[in-house]
Structure formats: structure tokens, C-alpha cells
Amino acid sequence: MLMRNMHVILGRTLGRGLSTKVPQKPTWSMDSLSHTCEESSIEPAMVEHLERLSLVAFATAEGVERLKQAVKFSELLQSVDTTGVEPLESLFEEGFAPLRDDHVTQASTEKILANASKSKEEYFVAPPDMINKQGHWDATSLPVGPSKTRDSNKRPLVDFSPPAPLKFFGSSDHSFNLRKSQQGSFAPPPYRPNGQGEVTLWITVCPISLA
Amino acid sequence: MTNSGERQILRKMAARRVVLDGISPHTKIGFTINQAAAALREGTLTPVELCERCLAQAQRWELLNAFVTVTADSALQQARAAERRFKLGRPLSKLDGIPFATKDNYCTAGIRTTCASNMLRGFVPPYTATVVQRLLDRGAVLVGKTNMDEFAMGSGSTDGVFGPVKNPWSYSLQRRLASRGNVVEKLANDAPESRPMEDLGDWCISGGSSGGSAAATAVGACLFALGSDTGGSTRNPAAHCGLVGLKPTAGLLPRHGLIPLVNSMDVPGIFVSSAPDAAILLGAMAGHDDKDSTAVQDPPPSFELLEEPNVHDLIVGIPQEYHAPGLQPDVLKAWTRTADLLEMAGARVMSVSLPHTLYSIVCYHVLCAVEVASNMACYDGIEYGHRSNVGSFTEEQYAATRHEAFNHVVRGRILAGNYFLLRKNRARFYKKAQQVRRLILEDFRRVFDTGVDLMLTPTTLSDAPTSKEFSAEDYCLRSAQHDVFTTPANMAGEARWWHDEVK
């Protein structure tokens, strides 16, 4: 009812010359963002370097092309005058992020190891920190073929089984492998290779990093 | 009765059915939190009935692919516990017994949390995110985890491994009528979703990356949902699905348990069907958290909304730069109409300028890629997540693991981020983006310092595109276009509040 009245009043008033504050035409164009720069070339050496730093592969020429486009797009920043502007590193620069003492407040070896694909007693298991015979890792060693189309995302490189059709189930349906391990102290034991080409390492990392 | 008379009646019946099916923001069967809380208190509705109704909606609208996991058993358990509390006359809060869903990047103890990625497909967290725990402590009932773009990277919810999320409005009467010849035949059908849109051509995207939360709330599979917002991932799908989407001020809601995308921009987001509901939720979740040192230290203010809002003393700013290239006429019309209505109601509406809006998407693009490159470094397959069988050495195995389990979007951002972080590039890209970010923040501060209380802008350039239109564009370009209105707020950290009335 109120909205209908408002429409009527609006119609009448606009007829009398109230001008809207909303601009009726675009106030800028993509051209105003243009910045003359050459498209950067990504050399094969750079591709290899980035793959090594990222430990992911570009996989296809399309991936490299996408990076080139991303870099070209980012060059638009150069047209902004930032002389004398301090970089904004954190939104909380005017406050303070409290720290606490570095003591263990909650630790359950069982819970921490529960999601690891491979673990042994109370350790995570990692491959040895060595490089292969060539002296470096490169993406061509990945046993997956490049796919040529944009559908590369639809053809998984590893055949993950298709997700089960979403059916209703309770959280009790989840069963995950709980390793029976003692809840011990958190002091990492000395490093010792187990002689089978694997190294057991004591690492505790959570997928959450804050600040 | 004439043929046209018959058609008229059938059309009205179908329209009513559309409303009852819960895909209208003014739905009769889907409640707002306030309505449901009142009904639960009076006893006209029980928590178990409400929970069953929501679960039934979730099942009915399964074709939307809004959920990754529906936790029916535990939801009913929680609902029964809520019912016992109501019988004793001791509800925990207004949220007691209210069903909700969370995006699948919130850790929930004992319930798989996948981020719609193969990397975390089997990951079951041992703890629950703070904001989710706060809702559960107030009695809210978790019905499930919703679908999203992989690791929250995207603005369409089309890039997750569980498939895309379809916009429930794809199945609206209007769209179905437009694509079918025989009106009477269609209206005689008993269920709107019985005719899938695939054979008609296309469905609309739900927006992203929290599309599943938006779709689930829109059809009444839950009364509210949590999403996350890094560059618009709550506001964008809220706009496309006809909901209220709130991106709170950075730091107000703690992020412990929210698997991070960009630490300096991520915030938990809220999907509801009315603004007062958003206020209730903000109040329930905001506040200090020992486990998140970036969360606000001081107790937050009260978030009560007035019963009768008065806009007389309000100063509304219209940033001129928000008429960006590509803004569709419908959106412009809604924006203009809303601004003019506010002015007619007594608010002071004025033009303002945020000159660096143009650069927000580029700035976001660089900062996001850089932080993603860092955050995604924790996925090596050792402590959790997918682990490849390939590779006998560290680098080989880590690389194979990451390559197998990340989609091209995630991989592309990691590579771009590392490019921007190279020593020779860091000043040119990363530091520059941080400087531009400060300029964007200062734009906002300057406007608010002049006394402006709020700014009114569009959320997206257009209404929800079809999936064909969306995938036709290049990925980089499309998220750049679609995020132009939403990214500035993430960079400035300010709260933004959207309610799309056009739908």
C-alpha cells in the first residue's frame, strides 16, 4: 500500500522536475582503463620456474595464455598515480592483533592424524626430500596428458569416483580412520628415516591460517 | 467457461503454487526467522515440523544441486532437542529450532567439509567454525553444507567438483511460460520442477561463490544460510537469487574455522529473506574470538533494528562511478527507483565520487592471486586431503597431488600469484596493488567523513545470466565484469548491505 502510494507521488513529483541523482549513462568506459603496455611474454624458463615455485603445472598452452592475460590485465594498475601512498598491508593497522603465549592449549594426536592419508603411529608420513635424477622437478614428469580444450576441468586427471548422489544421511554415516595413538606430549621426536624410502616427519599444520 | 477464462484461473493457481513452492521472496511457506520464531514460541509450529519441511524442500529441489551434504539425521536430532526445550518453555534464543545451512568451506566437526574441491573431498574436520558453533549454541538446526565454487574462487558457483548450482528462479513461472507454447498443458502439471530446463535450452546461474547457500535459502530448504564474501561471494548470489545478502565489516565476525581464500578480505556472509533477520544473525555471531586474532576486540554494538525505520535523517550517497559499462537497463531502473523513493521518503540523496572504483577489480585480481598462492601452499597431501600415488620424491608427489586435486581456476591463481610475488615483479604488481587498495579505502573514508550514512549502488551488472552466457566469456574477464561493484567493499573492509527488489 505504502509502495503503491510512493509510486504515485514519485510519478507526480518527477513530472514536476525532481531529477534523479543516479547517473543514467555510464560514467566511465573500459577504454579509460587502457594502459599502453606490451603483452609480456612468458618464456619457457619462466614457466618452469613458476611451476616449480607453485608445484602445480600449467598443463596446457591455454594455461600459459591465461597467465599472460592475467598479467596484461594487472598492468592496468600502472596508470594509477601512487606517489607517496603507503601500501595497505592489513585492514587492522590501527588496532592490534593480540598474540598469546606459545603453549599447547588443545592437542589430540588422534584428531590431528585422523585426516592424513598416510600416517604411522603418531607421525605423518612424507616422501624423502630429494630431487630426481635430473636434478630438478619439472611438470613434464607428471603422468598426465595435456588436454587441448577448455574442458580440461571436466576430464579429471585422476579418475576420482563420481560423488555419490546426494542423499540424506546423518553425520553418523561418516566414518574416518581413527588411528589409535597415544595422546602424548607435543615435543617432536628426533628425525629418523625408516629405511624404506619414506621419511616420517612430525608436522602439525592446520588448513587454517589466520592473520 | 471460455478458454481464456480457464487459462486465467489456471494461471492464478500456478502463480499461487509458485509462491507456495517457496521461490518468491514474499513466500507464504518459507518463513522469515522472526515469523518462524513467533510460530515456534506460540506452539503453532514445532521445531521438528519446521525441520522436516525444510528437509523436504531440500529434497524436492535437489535438481538445483545446492547441497553437498544434507545432514538429515543430526538435524532432526537437534530439532527434537529444540522441541524439548520449547515444551519446557526454555528456548535458548530466537534462533532456537531454526534450520540453517552453511557453505562448505566452514569446518563442521564430524561433517565432511570439501570446499567443493577434490583436494578436501574426504576431509572431516575435528572442530567447528566459531560462527557456526555460536549459531548451534543458540539452538539453530544445521540442515547441511552447501555447494560453491571450488575454494570460493568464482562468481557463478559453476566451478566446483560437485557440479554447478542452478538458480531456483530458472524454474519460475515467468521463464517457463516464456519458453513453452502450450500454457494450459504446462500449468496442468503438478510440480514446477517436473520439466527440467535443460531441454528448453538453459538454466540461470545462481551467482557465486556461495551459490548453494543462496539457492537453498531461496527455496526454503533453510531459513538462513552462511556464505563467505571475499570479492562479493555473498552479495552476488544474494542479488541473483532474490535474497538479502550481508557482508559484515571485516573483523566483526570471527573467521576461525572458515577455510581461508584471501585472509585480508574474507568475511563470513549472511543470507536471509529479510533485513531484520540479518540483524538477529549479526548479533548472534559477532564479537571477539580468542582463536582469531583478527576479530574485533571490543564488544560490538547492538544490532536491533527499529520497528518503524525513519529515513528522514539519513544521508544517502550515490557513487557516480557505479554506473559502470555494461550495466543493464533493469538494474539501472531499480537503482534509480530506489534512490528516488528514498528521496521522496525524506532522505537526503546526494551524488558522491569513489574515483578508484575503476581499478578495484584489477587490484582485487592481484591481491587475491597473491594470497591464494600463499594459502594454497598448505595443500600438499601429507596432513590432510587428497594424496597422489604418483611420485617417490617430495616435489613430485606434492606436485602430482596438487595437480590432480585442484581445478584450472585454482591452479591458474596460484601460478599468477607466484608470478606477482617474484622479486622482480613484487613492487610493480603486489606493492602497487596494496597502494591502490589504500586509495580505494581512502575514497570510502572521504565519503563517509562528509556525513554520508550509506551508499546505494547496484550489486551486479545484470540479473542472473544463463549458464551458456556465463561460460561463453573468458573466466578472467567475466569475474572482472561481474565483481566490479562488490570488490571495493572487500578491499576497504566496510559493511555492505544489499536487498534486490527487482526479482
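**Ground rules**

Residues are numbered from 1 along each chain as its sequence is written, while chains are lettered from A and ligands numbered from 1 in the order in which they are written. Because the model is predicted, local features need pLDDT of at least 70 and side-chain atom pairs count only at pLDDT 80 or more, whereas totals for chains, interfaces and linings use all residues; side-chain values use heavy atoms, with hydrogens and water left out.

**Entry 1: chain A overall**

I began with the secondary structure, where helices (H or I, at least four residues) and strands (E, at least two) are DSSP runs numbered from the N terminus. Chain A has four helices and three strands, and I read their pattern along the sequence as α-α-α-α-β-β-β. Next I looked up burial, with buried meaning under 20% relative accessible area, exposed over 50% and partly exposed in between (1.4 Å probe, protein chains only). Of the 211 residues in chain A, 31% are buried. For contacts I took heavy atoms within 4.5 Å. Among the chain A contacts with a separation of 6 or more, 69% join residues 24 or more positions apart. Chain A exposes about 14,300 Å², with carbon and sulfur atoms supplying 54% of it; such areas come from the Shrake-Rupley method with a 1.4 Å probe, and for residues only the protein chains shown count as cover.

**Entry 2: the hairpin in chain A**

I then went to β1 (residues 119-120) and β2 of chain A, which pair in the antiparallel sense over two bridges. Two strands pair if DSSP finds at least two bridges between them. S119(A) stands opposite F124(A) in β2(A). The two strands form a hairpin with two residues between them, and E121(A) in the turn has a positive phi of about 50 degrees.

Which residues cover the two faces of β2(A)? I found Y123(A) and V125(A) on one side and F124(A) and A126(A) on the other, all of them buried. As a reminder to myself, in a regular strand the side chains alternate between the two faces of the sheet.

**Entry 3: chain B overall**

Chain B comes to 18 helices and ten strands. Buried residues make up 66% of its 503 residues. For contacts with a separation of 6 or more, residues 24 or more positions apart account for 79% in chain B.

**Entry 4: a sheet in chain B**

I traced an open sheet of three strands, in the order β8-β7-β9 of chain B, with parallel pairing. Its edge strands are β8 (348-352) and β9 of chain B, each pairing on one side only. Five bridges join β7 (residues 315-319) of chain B to β8(B), and G317(B) has M350(B) as its bridge partner in β8(B). Helix α11 (residues 329-344) of chain B packs on this sheet, touching β7 and β8 of chain B, and its direction makes about 155 degrees with that of β7(B).

**Entry 5: a helix crossing and an enclosed helix**

How do α5(B) and α10(B) cross? The axes of α5 (residues 130-137) and α10 (residues 275-285) of chain B come within 9 Å and cross at roughly 105 degrees. I class them as roughly perpendicular, because that term spans 65 to 115 degrees (under 35 is roughly parallel, over 145 roughly antiparallel, the rest oblique). Axes here are lines fitted to C-alpha atoms, for helices over the stretch in contact, and angles run from 0 to 180 degrees between N-to-C directions. V131(B), R134(B) and L135(B) in α5(B) meet L281(B), A284(B) and M285(B) in α10(B).

Helix α8 (residues 211-218) of chain B has eight of its eight residues buried, so it is largely enclosed by the rest of the structure. These residues pack against elements of chain B including β1 (67-70), β4 (224-229) and α9 (235-241). After α8(B) comes G220(B), whose phi is positive, near 80 degrees.

**Entry 6: S462(B)**

Is S462(B) buried or exposed? It is buried, because its relative accessible area is 16%. S462(B) lies in the loop between β9 (454-455) and α16 (467-472) of chain B. Not counting residues up to four places away in sequence, S462(B) touches H240(B), Q328(B) and V331(B). I also noted that S462(B) and G326(B) are 136 residues apart in sequence and 8.1 Å apart in space, C-alpha to C-alpha.
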